[in-house]
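Let's walk through a few surface spots together, one question at a time. Have the sequence and the 3D view open as you read.

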Amino acid sequence: MRVATDIGGTFTDLVYVDNSGRFGVAKSHTTPPYFEQGVMDVMEKSGIDQKSITTFIHGTTVIINALTERKGVKTGLITTKGFRDVLEIARGNRPDLFNVRYQKPEPFVSRYLRQEVEERMNYKGEVLIELNKDQISDIISFFKSEGVQAIAVSYLHSYVNPIHEQETVQYIKELWPEVFVTASHEVTKEWREYERTNTTVLNAYVKPIATSYVNKLQDKLNGQQTESNNYIMQSNGGTTTFEQAKELPINMVESGPVAGIYGAAVLGEIIGEKNIIAFDIGGTTAKCSLIEKGEVKVSTDYYIERDSRHAGYPIKTPVVDIVEIGNGGGSIAWIDEAGSLKVGPHSAGALPGPVAYGQGGTEPTTTDANLLTGRLSPKNFDYEVDMKKVREAIQTKVSNHFNMSAEEGALGIIRIANSNMLNALKLISIRKGYNPREFTLVAFGGGGSMHAAALAQELGVKKVVVPVASPVFSAWGMLMTDLRHDYIQTQIKRLSEVDVGVLNQNWINLECKAYAQFEQEDVQKESVLFTRFLDMRYLGQEHTVKVPVPNGDWKEETTLEIIERFHQLHEKNYSFKLENAQTEIVNMHLTAFGQVQKPSLEKKFITSDLREALKEVRPVYFEGKGWVDTNIYDRDNIPTMQRMEGPAIVEEKASVTVIYDGQSLQVDEYGNLIIDTGVE
């Protein structure tokens, strides 16, 4: 049996598939700060025999939470003499250009804990100044006295030659075996000192937290006599082992959300949809990503806490290109100083949760608004819902301010939440030059299907797909993933002058490294697949374009094909190309997949009458129409390929799908809900 679990801000999800191909799902409340207990709770709730688990895959928000909530450990930095302030200097480009009060992000390591060592490499990796080990000994003594728990080591040009970092780590382990250490070459071999140093620091900052969490989860699984192969979801869309996750926890920064994005790509391939906008609404956040021609976009230009006013913190590891905003089912509605209604980014979370939960929550949320307008039913909550308290919260905190009814206030909350989500969807589509009419929206998460039809119609998307197991779709996506490792090596060379034989040898070296790592993870050589990319630019440019390139041995004519491919991609991304300009390689990027056996989707046909799926008729409050008696259907009983006209609501465990007047819905042969949004 294969089992996947995903920890969200409000719920912990589980999907399993047994040896006969039968899927099952479960959902329970997240249990902060003891997140591993939530995993055990949802496994117990699912009723599976934990001893029969052969593969366990896990997605978690522990790392991103530790970073955003500043709950890592006290960290020290050892760096090349003269470079202790690289975190402070950061980049000169300011996102809020005309803000005279703008402040750079405060480093995760205080200046007094950033210590310098005499050593120096040049850009070729040649030693200019030998490493001074006596200074390291003094620094370690100082770190001990200051209560440091983790150390980051980042030296100039170590991405080319890591020998000094390796010597430093070895010496630290001799002097202080119990401290957690991260060297920059272990995290990334890309250039850019600030980004590489910051990534190393963040990895060190959360490494003890990740190690403790993974060990606790492992102990819980062992306590249930679960003898499974255990993996954790990474931000690049693949999985890795528990042991590797403890060494490089920064690779899990978007562990949970990217699984749903990858799952959407897999589903799209199955149902024949190559262009997809993946859209996930959970209890705390909404996430979206664009998939073009079946390709999930991965980038190393990732930031946390970055927005139009703040520069954020760069993380130089491969992360699926994703836009995330603080709007979900638990997002709190509030009135700002100017008297405008806002929704999010603050969330009621799992505890106390929305007012509807009856667990002490007093602030109205998106969930409460959907409940009051009839989109959700009190009968489907785990708690006994006090509708009077829900109404009072919305009336007093929102509606009274605008002299309107509680229902109008609730609809206002939904409209503001939809507006926030629509802006995120535009960021990944229209503002990047894509036509939404050429894409299908795949909606999942507890709230995805509730908002998707309205958002798709406004965005101009013709079709919405709500997949099977949509409330736990990120966990479903984990079952479809392979092990994945990315190997990126900065190699700045003009492509017209490059020695093809040297490039071939570099690719072989990266592939050998991948084979060795997969061997440690018990993956056979014949199960390993490679894809190659070059990060390229025109000579004199700052940023690059990622170009897919062929596997195998290259010849001279291969470079000409690659240059032409770069021109085409550059024109697509930036609307121009310079065919007579020199082109330059910046990074070699090898992606290695360790393929594992995946479950297959079963086709199912329900031939009953649509009337048998009708659960009830209840009033639902719609914009411009008021209360409308609306058919409520049970998803499990909707007949295959029979068209249902809106307005209507489809209910399933932990989720509902809302379709509006002028829209229609039918169930395909796999059980997915297919919504025609009415867009011409």
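Before we start, one cut-off: buried means under 20% relative accessible area, exposed means over 50%, and partly exposed is in between. Keep in mind that this is a predicted model.

Q: Is Y574 buried, exposed or partly exposed?
A: Y574 sits in helix α16. Its relative accessibility is 40%.

Q: Which residues gather with E557 in a patch of negative charge?
A: E557 belongs to helix α16, which covers residues 556–574. With a relative accessible area of 45%, E557 is partly exposed. Patch members need over 30% relative accessible area, so that value clears the cut-off. Gathered with E557 on the surface are D499, E556 and E561.

Q: Where does N637 sit, and what is its relative accessible area?
A: Look at the loop between β30 (626–634) and β31 (644–645): N637 has its place there. N637 is partly exposed, its relative accessible area being 34%.

Q: Which residues does N637 contact, leaving aside neighbours within four places in sequence?
A: Contact here means heavy atoms within 4.5 Å. With those sequence neighbours set aside, N637 touches I606, S608, E612 and A613.

Q: How far apart in space are N637 and A443, C-alpha to C-alpha?
A: In sequence, N637 and A443 are 194 residues apart. In space, their C-alpha to C-alpha distance is 20 Å.

Key. Residues numbered from 1 in each chain as written. Predicted model: local features only at pLDDT ≥ 70, side-chain atom pairs only at ≥ 80, totals over all residues. Heavy atoms only, no water. Patch = residues over 30% accessible without salt bridge, like charges linked within 9 Å, V, L, I, M, F, W, Y side chains within 5 Å. Areas by Shrake-Rupley, 256 points an atom, 1.4 Å probe, with all protein chains shown as cover. Salt bridge = Lys/Arg side-chain N within 4 Å of Asp/Glu carboxyl O. Lys, Arg positive; Asp, Glu negative; His and termini not counted. Charge placed at Lys NZ, Arg CZ, Asp CG, Glu CD. Helix = DSSP H or I, 4+ residues; strand = E, 2+ residues; numbered from the N terminus. Buried < 20%, exposed > 50% of the residue type's maximum accessible area, 1.4 Å probe, protein only.
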